[in-house]
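Colleague: I am new to reading folds. Could you walk me through one?

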Amino acid sequence: MESLQFLVIGKNQEILDTLKRIIENNEGWKAEIESDENICYDYIKEKQVDIVLLSSGLDEEFESEMKTFCQNLDKDVKVIDHYGGGSGLLKNEVYALFPNLQP
């Protein structure tokens, strides 16, 4: 199984913790969670990140800036707007970006 590195950004710590648990229940998937938007830019530049997962509580301006930031990087970082729906929806969102990972 290919490994994926997630950065999950949101404002609700309970939801962030749940998303981290759901993501890491998949073999090879690892997640860092962050509620401070300012830290995220440097983290993405300095660390291996395959997917930025935008969770609840973020304002539209930050979400738009993050998408543009990720598109303009020299590395391929995908962005998912995820506002709930359970682990099945999350997996489908990931598989849509990485169809080679589907079981």
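Colleague: How far is the sulfur of C70 from the closest cysteine sulfur, and in which residue is that sulfur?

Modeller: First, a caution: this is a predicted model. A disulfide needs two cysteine sulfur atoms within 2.5 Å. Here the closest sulfur to that of C70 is in C40, 9.5 Å away, so the gap is too far for a bond.

Colleague: How many disulfides does the structure hold?

Modeller: The count is 0.

Colleague: Is C40 buried or exposed?

Modeller: Buried means under 20% relative accessible area. C40 has 1%, so C40 is buried. C70 is buried too, at 3%.

Colleague: Now the sheet. In what order do the strands lie?

Modeller: Strands of a sheet pair through backbone hydrogen bonds, either parallel or antiparallel. In this model, 4 strands form an open sheet, ordered β2-β1-β3-β4, with parallel pairing. The edges are β2 (29-34) and β4 (78-81). Each has a single partner strand, so one side of each lacks a neighbour in the sheet. On average, neighbouring strands are turned by 25 degrees against each other, direction ignored.

Colleague: How many bridges join β1 to β2?

Modeller: Count 6 between β2 and β1, which spans residues 4-9; the two run parallel.

Colleague: Which strands does helix α1 lie across?

Modeller: Helix α1 (residues 13-24) lies across β1, β2 and β3 (51-54). Its direction is about 170 degrees to β2. Helix α2 (residues 37-46) also packs on the sheet and touches β1, β2 and β3. The direction of α2 makes about 170 degrees with that of β1.

Methods:
Residues numbered from 1 in each chain as written. Predicted model: local features only at pLDDT ≥ 70, side-chain atom pairs only at ≥ 80, totals over all residues. Heavy atoms only, no water. Buried < 20%, exposed > 50% of the residue type's maximum accessible area, 1.4 Å probe, protein only. Pairing = 2+ DSSP bridges. Axes fitted to C-alpha atoms, helices over the stretch in contact; angles between N-to-C directions. Contact = heavy atoms within 4.5 Å.
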